[in-house]
Amino acid sequence: MAKTPAGFVCTEVETKAAKKYSKQYGQTIVITNDFVKMMNPALLDALKVLNKRQRDLAKWGKKEKDDFKDIMGVDGDAYIDDVFYICDMKNKNTYSPSEVETITVVEFMRKAVDRMYNIMSQLHVDANPVEVSLPDPCIPELAPVPDKKVYKYGNFVNRTFTSQYSAFVERTATWTCSPEQYKDGLEIHIGYNFCKKNPMGADSRASTLCHEVSHFYRVEPKGATWASEEDKIKSRGPWGGVGTDDLPNDQDYKQSKGSSGKNIYIEYREKLKKNHDLGVFKNAYNFELYFELTEKECLIEAE
């Protein structure tokens, strides 16, 4: 049996599993200064991308419509059922029932991007790390980490000791966090693959952050009252994300390839777009494509 620095004891099987994991996926964890230097511009770039898309959706001229259909495979004037959840923020252990709002795709996107921007604008990077709730030090994932501890920097958890993923979130977090609590209550976990991405553009750090924020559920507070229907509609803007999934989601396909030889997630993304399937707005891998903008593209104003 092997003792860890935290005083825990791992079985021989767990120790062997950790070593095997480290060899296959492990990395040297990105240290504090480098992690902060990476995440600060990544967050700013994600905000630039979201702001650009807010402007495009507000303008919504021929160019914006054509670009949107070319990226997503669906017209903006189609109708979509947007699912959201009624949450009791005073009693957070209660079940959150779902409701459906039927709106045009362009209106759905306007509201969705506004909510994503609201979340992203409240996230921050803190150079002073805080230890997250103590994980099991015997899990293989922590094999490359000297002190077997995981730290977060503001809203970003440093998990760059593993190359199994780029990032992940707990999307139900918005069920228990109201907008004013996003700064302290939401977390985005960053893996080593995130470090290897370009700052902006296709499959970039900026688009990855947009991908992750889109996962958070859209919510509405239970028992809320409005002076008018217009106020009710407006109130939905700042609550939660979009509620996307990584499809197909019946198992973990990170290392799996489909019949085309491509990763299954990418193959499925292309299938949805080709079929003009409204599922593109449920799949985070399709949704992310709308935010794969370069720095130069973000500076172009809608004509």
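A residue is called buried when its relative accessible area is under 20%, exposed when over 50%, and partly exposed in between, with a 1.4 Å probe and protein chains only. Helices (H or I, at least four residues) and strands (E, at least two) are DSSP runs, numbered from the N terminus. The structure is a predicted model, in which local features need pLDDT of at least 70 and side-chain atom pairs count only at pLDDT 80 or more, while totals for chains, interfaces and linings use all residues. Residues are numbered from 1 along each chain as its sequence is written, and side-chain values use heavy atoms, with hydrogens and water left out.

**View 1. Helix 1 and its buried residues.** The buried residues of helix 1 are A18, Y21 and Y25. Seen down the helix axis, these buried residues fall within an arc of 65°, so they line one face of helix 1; the arc is that of the directions from the helix axis to the C-beta atoms. On the other side of helix 1, the exposed residues are E12, K16, K19, K20 and K23. Helix 1 covers residues 12-25, and its 14 residues should span 20 Å at 1.5 Å a residue, which agrees with the 20 Å between its end C-alpha atoms; the expected span is 1.5 Å times one less than the number of residues.

**View 2. The stacked rings of F68 and F281.** Rings of Phe, Tyr and Trp (its six-membered ring) pair if their centres lie within 6.5 Å, and planes under 30 degrees apart count as stacked, over 60 as edge-to-face and the rest as tilted. By this rule the count comes to 13 aromatic pairs. In one of them, F68 and F281, the ring centres are 6.1 Å apart and the planes are at 10°, so the pair is stacked. This pair links distant parts of the chain, since F68 is in helix 3 (residues 62-72) and F281 is in the loop between helix 10 (264-274) and helix 11 (284-287), 213 residues apart. F68 counts as buried at 1% relative accessibility, and F281 counts as buried at 3%.

**View 3. The edge-to-face rings of Y85 and Y217.** The ring centres of Y85 and Y217 are 4.9 Å apart and their planes are at 65°, so the pair is edge-to-face. Y85 lies in strand 3 (residues 79-87) and Y217 in the loop between helix 8 (205-215) and strand 10 (219-221), so the pair ties together parts that are 132 residues apart in sequence.

**View 4. A charge over the ring of Y290.** The charged end of R53 sits over the ring of Y290, 3.9 Å from its centre; this description requires NZ of Lys or CZ of Arg to be within 6 Å of the ring centre and within 35 degrees of the ring normal.
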